[in-house]
Amino acid sequence: MTTLFISDLHLDDRRPQITELFLHFLATEARQADALYILGDLFEFWSGDDISNPLNDSVQDGLKALTASGVKCFLVKGNRDFLVSKRFAKRTGMTILGDYTAINLDGQNVLIAHGDTFCTLDEKYQAFRTAVNIPWRQKLFTALPIFVREAIADKIRGKSKAGNQQKSMNIMDVTESEVISKMLEFKCDTLIHGHTHKPYIHDVALSANKQGKRIVLGDWFDQGSVLVWNEGKYDLQQRAFLAK
């Protein structure tokens, strides 16, 4: 049984090569898997399920073709696509998961998450995250005209980029104690997440005599980061962009 994990594609009209690579991935490698997990930030910003444009439509069509072929597909919402909702899930055939989900892979309990909730030192971001995930605010935002939503999204992206340039890498990375706390809470020895854009496999000291693993997925800005899990073994790989 092969399970694939990807994260942080940040699909956007300004980076068409990433969309091209993703659609190729869905039509080829992903078709050979049993399941695909997308761990957040599939889009640079998702302003609502009702927005139809070439990018959104092509991605949803590609995902629908994948699930229609029999591959199970799951999405953990990230900090860029937190507005993904039921309409998107219905159109694509995907299952939307919560912030934390424990899954069983070949007899191993594995915790999956986007990863932003582990960055507890970034207090300004955590306050923003709490604010934008209030249901009535999301409902109010998605009721706005599309051009207004997209203008707000562009402003948020700009502020986020400027703000991140002022933050230390330590603040923007995960807090080890929070990672350990969640892994113990969900009784998982392995954690898979994205968000930090720093692909690596870390050792985690869960207790004095128990070690775990934290697998961090990379982004898709320069190449496609893919975790391949097969028969209890895993390999963090990179997919090169398609030749032009």
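Strands here are DSSP runs of E, at least two residues in length, numbered from the N terminus. The model is predicted.

**Close-up 1. Thr190 in strand β7.** Thr190 is found in β7, which covers residues 190-193. Its relative accessible area is 6%. Buried means under 20%, so Thr190 counts as buried. Neighbours within four places in sequence are left aside here.

**Close-up 2. The aromatic pair of Phe25 and Trp220.** The structure holds 11 aromatic pairs. One of them joins Phe25 and Trp220 in edge-to-face geometry. The rings sit 5.8 Å centre to centre, with 80 degrees between the planes. Phe25 lies in helix α1 (residues 16-27), and Trp220 in the loop between β9 (210-216) and β10 (224-230), so the pair ties together parts that are 195 residues apart in sequence. Phe25 is buried, at 3% relative accessible area. Trp220 is buried too, at 0%.

**Close-up 3. The aromatic pair of Trp46 and Phe88.** This pair is also edge-to-face. The centres are 5.3 Å apart, and the angle between the planes is 75 degrees. Trp46 belongs to the loop between β2 (35-38) and α2 (54-68). Phe88 belongs to helix α3 (residues 86-92). The pair thus links distant parts of the chain, 42 residues apart. Both Trp46 and Phe88 are buried.

**Close-up 4. An aromatic cluster.** Three residues form one aromatic cluster: Phe5, Tyr37 and Phe74.

Conventions: Residues are numbered from 1 along each chain as its sequence is written. This is a predicted model: local features need pLDDT of at least 70, side-chain atom pairs count only at pLDDT 80 or more; totals for chains, interfaces and linings use all residues. Side-chain values use heavy atoms; hydrogens and water are left out. Rings of Phe, Tyr and Trp (its six-membered ring) pair if their centres lie within 6.5 Å; planes under 30 degrees apart count as stacked, over 60 as edge-to-face and the rest as tilted. Helices (H or I, at least four residues) and strands (E, at least two) are DSSP runs, numbered from the N terminus. Buried means under 20% relative accessible area, exposed over 50%, partly exposed in between (1.4 Å probe, protein chains only). Contact means heavy atoms within 4.5 Å.
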